[in-house]
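Subject: Structure for your review

Dear colleague,

Please find the structure below, together with its sequence.

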Amino acid sequence: MNFDSDPALLAEVRKYGKFDVTGCFNCGSCTLSCDLANDHVSFPRRSTRYVLMGLKQALHESLDPWICHDCGDCSTVCPRQTEPREGMVTLRRYLASVYDWTGLASKVNSSKIWHIGSLSFVGALVLWLIVLYHLYVVKMPLSDFSSTSMGLEHTFPTVTSFTLVVILFPLLILLSNAFRMYGITVHRKESIRSPISQWIVEAKTFMLHFFTYKKMSECPTEKGRWPKHLLLGIGCLGMLAVLVFALRWFQTDKIYPLSHPQRWLGYLFTAFLLFGSGDILLGRIKKEKEVYKSSEFEDWVFPVLLFATALSGIVVHILRYSGLELATHYSYAVHMMIAVPMLVVEMPFGKWTHMIYRPLAMYFQSLKERTLRQEWSSGGVPEYVV
Ligand code: SF4
Ligand code: SF4
């Protein structure tokens with residue numbers, strides 16, 4: 001292997017958050033404390049060393065930061081207080097920016113001004129579209145905005161198409177970045193390209209980690225956090241599925257009855273979202289657990305937006321069922337101004353990207369290990385072990 005050293009790498013990584021590892025003397029205590037290290041003797045130190053040595057390409061190809069699940073055991077035992085957990089969080093933000101072809105993830109993850117600015121811009125754009133829609137499609141004069149009472153029904157089916165666009169467009173960007181992740185972490189390394197049969201066999205690893213966050217459950221420190229994270233994940237995926245496949249139910253002229261499935265699915269997923277995001281926010285406020293002891297701006301944004309989206313959705317629902325049409329209208333506008341920026345900014349560029357990158361990293365890692373085992377058993381020494 002021949003990697004060039006880039007002395008600017010450490011400064012570059014530090015743009016994405018805390019990375020105070022210059023005091024690390026490679027004692028290995030973090031590896032010993034980490035329940036996810038398994039037989040990877042250099043996890044999580046390896047990525048840290050890459051940064052300190054300026055090995056940019058090796059860092060870009062590394063999957064380790066995604067395998068870390070944030071428990072903080074390593075930070076507790078580190079004799080030099082170098083906070084390896086925080087270092088891994090920062091590396092995840094940095095790598096998410098490396099995978100992103102638009103360049104926006106880099107701006108959003110390294111600058112508060114860009115992060116707040118992009119969320120505010122999308123929120124303002126939603127408001128502007130709502131005003132234009134009422135002025136030119138509904139043909140309502142501006143002076144009637146605060147007095148004319150009307151339900152949400154006139155927005156259907158326009159809002160269905162709009163919802164599909166604001167979910168599917170960012171999802172498409174995220175999937176294209178996931179493909180770039182594959183190119184950077186796997187495809188570049190010819191020695192670990194696996195036959196298609198192994199990709200199919202190992203696809204179960206992706207599904208397992210995508211739907212269950214199983215790796216988190218393997219860490220004793222994370223045992224309590226795992227079921228809550230699982231509920232939050234089910235809430236996010238379930239609500240996205242309802243919005244993509246079942247939004248029409250919400251839009252029937254007659255308000256749907258108590259027995260309607262969208263009601264109960266919607267209530268269930270909303271409860272999961274409120275509970276999961278609320279628990280994270282409470283943890284970050286209390287700072288009792290290592291994982292929540294130190295929170296950066298980016299760590300707050302996603303759970304705050306999730307909580308606010310779920311809460312504003314409940315308000316819209318209550319007002320609609322109470323027959324308060326004008327209030328429903330305004331609360332729905334506020335709900336859209338919170339939910340759309342979250343979908344458009346956080347899903348493809350921000351914290352939400354880990355929904356795809358983490359299970360993909362598990363998938364690629366298990367393929368790498370499978371290839372490694374096969375090469376060892378056939379008597380060869382894989383290039384990336386030398
Ligand atoms: S425990 Fe701290 S000092 Fe020791 S290798 Fe890990 S990060 Fe470095
Ligand atoms: S935060 Fe937990 S999972 Fe991540 S490297 Fe440290 S000990 Fe391992």
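How many residues line the largest cavity, and which of them lie nearest its centre? The lining is made up of 39 residues, with His-229, Phe-302, Lys-351, His-354 and Arg-358 nearest the centre. Please note that this is a predicted model.

The largest cavity holds about 600 Å³ of space, and it is one of five cavities of 30 Å³ or more in the structure. Two or more lining residues come from each of helix H7 (84-99), helix H13 (225-245), helix H15 (261-286), helix H16 (290-293), helix H17 (297-321) and H19. H13 gives the most, with seven residues. By class, the lining comprises 17 nonpolar, 10 polar and 12 charged residues.

The second largest cavity has a volume of about 150 Å³. Its lining numbers 16 residues, and Cys-24, Cys-30, Cys-78, Thr-82 and Pro-84 lie nearest its centre. Helix H2 (29-33) and helix H3 (45-52) are the elements that give two or more residues to this lining, which divides into nine nonpolar, five polar and two charged residues.

As for the largest nonpolar core, it has 81 residues, of which Met-181 and Trp-352 touch the most other members. Helix H19 (residues 354-377) supplies the largest share of this core, nine residues. Leaving aside residues up to four places away in sequence, Trp-352 touches Cys-236, Leu-240, Phe-302, Met-342, Leu-343, Glu-346 and Met-347.

Finally, the residues around ligand 2 include Cys-34, Cys-68, His-69, Cys-71, Cys-74 and Arg-85. This shell divides into seven nonpolar, two polar and three charged residues.

Kind regards

Methods. Residues are numbered from 1 along each chain as its sequence is written. Chains are lettered from A and ligands numbered from 1 in the order in which they are written. This is a predicted model: local features need pLDDT of at least 70, side-chain atom pairs count only at pLDDT 80 or more; totals for chains, interfaces and linings use all residues. Side-chain values use heavy atoms; hydrogens and water are left out. A residue is near a molecule or strand if one of its heavy atoms lies within 4 Å of it. Ala, Val, Leu, Ile, Met, Phe, Trp, Tyr, Cys and Pro count as nonpolar, Asp, Glu, Lys and Arg as charged, and the others, Gly among them, as polar. A nonpolar core is a set of buried Ala, Val, Leu, Ile, Met, Phe, Trp, Tyr and Cys residues joined through side-chain atoms within 4.5 Å. Buried means under 20% relative accessible area, exposed over 50%, partly exposed in between (1.4 Å probe, protein chains only). Helices (H or I, at least four residues) and strands (E, at least two) are DSSP runs, numbered from the N terminus. Contact means heavy atoms within 4.5 Å. On a 1 Å grid over the protein atoms alone, a cavity is a set of points where a 1.4 Å probe fits but cannot get out, and a pocket is an open set with protein on both sides within 12 Å along at least five of seven lines; lining residues have an atom within 4 Å of a point. Grid points are joined across faces, edges and corners, and a volume is the space filled by probe spheres set on the points.
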